[in-house]
Amino acid sequence: MLKFYSASNGLVHSKKAMYDCLASALKEQDAQIYEKQLLIVIHSTIGHNFQDLLDAALEKCPNATIAGCTCAGVIGIEGANENMRALAIMIVEPEKDGEFFISSCKNIRGENSYDEAQKMAQELHAKSDKINMIHILASGIDIAADRAIEGIASVFGNDIPVFGGTSSDNTRAISSYQFINNTILERGAIMIGYADPTLSVEMGVHHGNRPIGHSFTVSRSEANRVYELNNETSWYFLMDKLNLPHHSHPGPCIPVAAIAEALPEEFHESYDNQFILRAIVKVDDDGSFYMPVDCPEQTELWLTQRDEQIIFSGLESM
């Protein structure tokens with residue numbers, strides 16, 4: 001059976017930030033725990049020195065396996081932190097060998113999302129047929145997340161829980177970083193397989209955006225890259241709708257330019273909404289943009305607007 005510990009902080013010195021997180025997370029444990037074969041999962045905002053974080057973790061826990069990625073902010077029991085140097089860790093302590101396994105790839109993009117996820121899943125499955133939960137941390141700039149999940153399902157079946165998320169660089173969409181042991185990947189992916197039958201999933205889903213105006217149609221696309229909306233260049237079409245310059249970066253536009261896609265009725269209750277939210281983080285020079293999932297031609301999309309009342313009422317219910 002796996003045990004879990006966590007901590008976060010906003011210390012600006014990277015090694016001290018890791019030392020503090022480890023001490024805080026493990027403060028009630030015996031000193032011998034630092035010598036165990038732990039799993040340490042790291043989430044760091046983009047300003048930290050990543051090598052210092054890894055070096056500090058392995059200095060204190062020399063037998064640990066390290067995984068992690070960059071993010072736009074962290075949320076822990078200490079609260080939320082979106083500073084340029086924020087750090088959160090989750091420590092997993094196994095009861096015996098064979099309760100977690102790890103695989104990785106150096107490069108994941110929209111067009112190879114299925115293949116790379118499938119390869120990582122196959123590597124995990126070869127290590128253990130007892131894996132019952134998958135944790136994925138992958139570059140989020142142009143990944144087709146639905147295809148990555150399909151790649152996992154092709155190996156483990158459709159019923160295995162998959163959780164985690166995509167890493168970012170504070171929505172600059174230039175690059176993102178993933179960590180495996182003492183190595184830093186750029187726009188790669190990490191996959192952790194947990195083999196613990198006592199684990200279960202508790203899930204809540206909510207977003208605070210409501211559709212505005214009329215829908216528009218994807219008129220030209222390829223996989224998760226959208227070239228045209230209503231027969232116009234896709235990003236320019238959205239910017240014209242918002243009275244913003246065509247060269248606007250997608251990061252600052254997310255609060256006013258997030259895209260909604262209609263959900264089938266059977267998912268309305270579990271998702272707490274009739275629409276699923278899609279954030280655009282990468283736009284190419286030709287005005288095409290990348291959705292986080294495949295987006296076939298003739299798909300109907302809506303612009304959305306944040307509604308703080310919905311945000312906070314949903315937070316309370318979750």
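Modeller: Gln 178 lies in strand S10, residues 177-180. Strands are DSSP runs of type E with at least two residues, helices are runs of type H or I with at least four, and both are numbered from the N terminus. The model is a predicted one, in which local features need pLDDT of at least 70 and side-chain atom pairs count only at pLDDT 80 or more, while totals for chains, interfaces and linings use all residues. Residues are numbered from 1 along each chain as its sequence is written, and side-chain values use heavy atoms, with hydrogens and water left out.

Gln 178 is buried, with a relative accessible area of 0%. Buried stands for under 20% relative accessible area, exposed for over 50%, and partly exposed for the range in between, with a 1.4 Å probe and protein chains only. A polar atom of the Gln 178 side chain lies 2.6 Å from the backbone nitrogen of Gly 188.

Strand S10 belongs to an open sheet of six strands with mixed pairing, in the order S1-S6-S2-S3-S10-S11. At its edges stand S1 (3-9) and S11 (183-186); each has a single partner strand, so one side of each is left without a neighbour in the sheet. Neighbouring strands of this sheet are turned by 15° against each other on average, direction ignored. Two strands pair if DSSP finds at least two bridges between them. Strand S3 (residues 65-71) runs antiparallel to S10 and is joined to it by three bridges. Ala 67 stands opposite Ile 180 in S10.

Two helices pack on this sheet. Helix H2 (residues 50-60) touches S2, S3, S6, S10 and S11, and its direction makes about 155° with that of S2. Contact requires heavy atoms within 4.5 Å. The angles run from 0 to 180 degrees between N-to-C directions, and the axes are lines fitted to C-alpha atoms, for helices over the stretch in contact. Helix H1 (residues 14-25) lies across S1, S2 (39-45) and S6 (87-93), at about 140° to S1.

A second open sheet has four strands in the order S7-S12-S8-S9, again with mixed pairing. Its edges are S7 (100-105) and S9 (162-167); each has a single partner strand, so one side of each is left without a neighbour in the sheet. From one strand to the next, the twist averages 10°.

Strand S12 (residues 189-194) runs antiparallel to S7, and six bridges join the two. Cys 105 stands opposite Ala 189 in S12, and Ser 104 has Ile 190 as its bridge partner there. S8 and S12 also pair in the antiparallel sense, over six bridges, with Ile 192 of S12 as the bridge partner of His 135.

How many of the residues of S12 are buried? The number is six of its six residues. In a regular strand the side chains alternate between the two faces of the sheet.

Helix H3 (residues 113-127) lies across S7, S8 (133-139) and S12, running at about 150° to S7. The axes of H3 and helix H4 (residues 145-156) come within 7 Å and cross at roughly 35°. The residues that make this contact include Tyr 114, Ala 117, Ala 121 and Leu 124 of H3, together with Ala 148, Ile 152 and Val 155 of H4. The residues of the contact divide into eight nonpolar, six polar and two charged. In this grouping Ala, Val, Leu, Ile, Met, Phe, Trp, Tyr, Cys and Pro count as nonpolar, Asp, Glu, Lys and Arg as charged, and the others, Gly among them, as polar.

Terms used
A polar contact is a pair of N or O atoms within 3.5 Å; within protein, one must be able to donate a hydrogen and the other to accept it, and residues adjacent in sequence count only if both atoms are side-chain atoms.
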